[in-house]
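Please consult the sequence and structure shown here while reading.

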Amino acid sequence: MDNLVNPRRVRVHKGEPQRSAPVVYWMHREFRGKDNWGLVRARQEALRLGAPIAVVFCLAPSFLGATLRQYDFLLRGLEETAESLRAANIPLIMRSGDPAEEILGLCSELHPALVVTDFDPLRIKRKWLHTLIEHSACPVHEVDSRNIVPAWIASSHREFMARTFRPKIHRHLQEFLVPYPVLDPHPHAWSSPVFSETFFSLRAGLKVDNRVQPVTDREPGETAAQAALDTFLDMRLPDYPFRNDPNKQACSNLSPYLHFGMISAQAIVLAIRRHGLDGEAVDGFIEELVVRRELSDNFCQYTQEYDKVAGFPEWARRSLERHRRDPRPYVYSDEQFDRAETHDMLWNAAQRQLVRSGTLHSYMRMYWAKKILEWTEKPEHALEIAIRLNDRYALDGRETNGYTGIAWSIGGVHDRGWSERPVFGTIRYMNAAGCRRKFDVNRYIRTWMTEQSSLLPASVQP
DNA sequence: ATCGGCTCGCGCAA
DNA sequence: TGCGCGAAGCCGAT
């Protein structure tokens, strides 16, 4: 373990560890053993203290509308991570309940020298961290293992758009885009007996909506994530410039793995460099993987109401306000959207793709969200419905990317004004004619509307 | 096929 | 203070 974690990647709360005692790494955003700065930091501190280390995971019995689909993906992936941690002489302690309370309880059992944990700008995660810092007896170190450039280094404020953020990322890449150390077995074995749930008991205790079933065509976990990356780099990366055609297989399909932290974006960039890849396709991919992904953490970090109309920029709120009473061409209920029952087969196909596959093509996601704005009575409803559907069906729901992407579509976040028109005001407009200009709309509709309804979750069956 | 206008405000040059 | 320019577009003119 020669390369240490850059201290600027760590926010130190309540100082440095003072005594030799176990180190706990509380994993709640980065579910991986490999390429994980939080774990590297925990191990580095444990080595310095001559102490053992344990990883702790706490399953919240319900979380921001997550369903069986997302819990299943997380837990199956975590089983594999538990194996690789065991091989590194690090136990995975699992609990169930309110995460902040459970971690505090564990701290009073174990009296750790230090708790290391993941950075996450979502409000609920900030609250967890705040509770831990407030009440724990030991220091807490918060590590940004999500972004290549730690969010607090990249920018101290909410960025106006990608243009203002991009140079700040590139300025710091040299410093932070460094290789990860290999996770060697930890020399100090964990000895104190401590209660842990099993994967079986965690599954048995789940109190979530099981009408949204796990996806069957995608395996979770670190190995599957790596395989998905290899396939993308070998087969599809050259087609990345055509990614806006949802009929083409040109996207990375890495979003679910990135969301659960089963793969590190930094490791992806390092792999691209190792393969000696460059050119237009690579530049485009890195722009999305790094600049725009990290911009979404910036938006949520510096916008308390990242999932509310109040989080939209001033000009967009003013414009939506002026068009509040515009007649809508169609108005659908939450349930009609959910069941893909609009007049528009293209929209329905997108909703079906989301429901069936757990992902929505990035281009269609914009169209999908903008039409929800157009076909609801008010922007507040549109935002609520889009977020609810995304969080319910998407494997990468409840992620900063999702909130930011929807806020871009409905609220002009990181965008500029465009021609004024009904309902949208000066928010950028999209329609099916544009899609027809760009790709074979009927083929996309055929792909997703001819699926057998038996493959759909119970909640969308007639 | 390609171009310009639509519309907004940041960040930089002056 | 003025000016260039931008996360994914649309539309009408040429």
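A polar side-chain atom of His-414 lies 2.8 Å from a base nitrogen of DNA strand C, a polar contact being a pair of N or O atoms within 3.5 Å; within protein, one must be able to donate a hydrogen and the other to accept it, and residues adjacent in sequence count only if both atoms are side-chain atoms. The model is predicted: local features need pLDDT of at least 70, side-chain atom pairs count only at pLDDT 80 or more, and totals for chains, interfaces and linings use all residues. Residues are numbered from 1 along each chain as its sequence is written, chains are lettered from A and ligands numbered from 1 in the order in which they are written, and side-chain values use heavy atoms, with hydrogens and water left out.

The phosphates of DNA strand C are also contacted. One phosphate oxygen is 3.2 Å from a polar backbone atom of Ala-162, and a phosphate oxygen is 3.0 Å from an N or O atom in the side chain of Lys-438. Sugar and phosphate make up 49% of the atoms of DNA strand C that come within 4 Å of the protein.

DNA strand B is surrounded by residues that include Phe-160, Trp-315, Arg-318 and Thr-426. Contacts with the bases of DNA strand B are listed below.

| Protein atom | Atom of DNA strand B | Distance |
|---|---|---|
| Arg-163, polar side-chain atom | base nitrogen | 2.8 Å |
| Gly-417, backbone N or O atom | base oxygen | 2.9 Å |
| Ser-419, polar side-chain atom | base oxygen | 2.7 Å |

Within the protein, the structure holds 35 salt bridges, each a side-chain nitrogen of Lys or Arg within 4 Å of a carboxyl oxygen of Asp or Glu. Arg-428 pairs with Asp-415 at 2.7 Å, N to O. Both residues lie in the loop between α17 and α18, so the pair ties together parts that are 13 residues apart in sequence. Arg-428 is partly exposed, with a relative accessible area of 25%, while Asp-415 is buried at 7%; buried means under 20% relative accessible area, exposed over 50%, and partly exposed in between (1.4 Å probe, protein chains only).

Asp-307 and Arg-123 form another salt bridge, at 2.8 Å, N to O. Asp-307 lies in the loop between α11 and α12 and Arg-123 in helix α4 (residues 123-135), so the bridge ties together parts 184 residues apart in sequence. In helix α15 (residues 362-374), Lys-371 and Glu-374 are 3 residues apart, about one turn of the helix; their side chains meet at 2.7 Å, N to O, and both residues are buried.

Arg-293 lies in helix α11. Arg-293 is buried yet has no salt bridge, the nearest side chain of opposite charge being Glu-294 at 4.2 Å. The side chain of Arg-293 reaches the backbone oxygen of Leu-289 at 2.6 Å.

Key. A residue is near a molecule or strand if one of its heavy atoms lies within 4 Å of it. Helices (H or I, at least four residues) and strands (E, at least two) are DSSP runs, numbered from the N terminus. Lys and Arg count as positive and Asp and Glu as negative; His and the chain ends are not counted.
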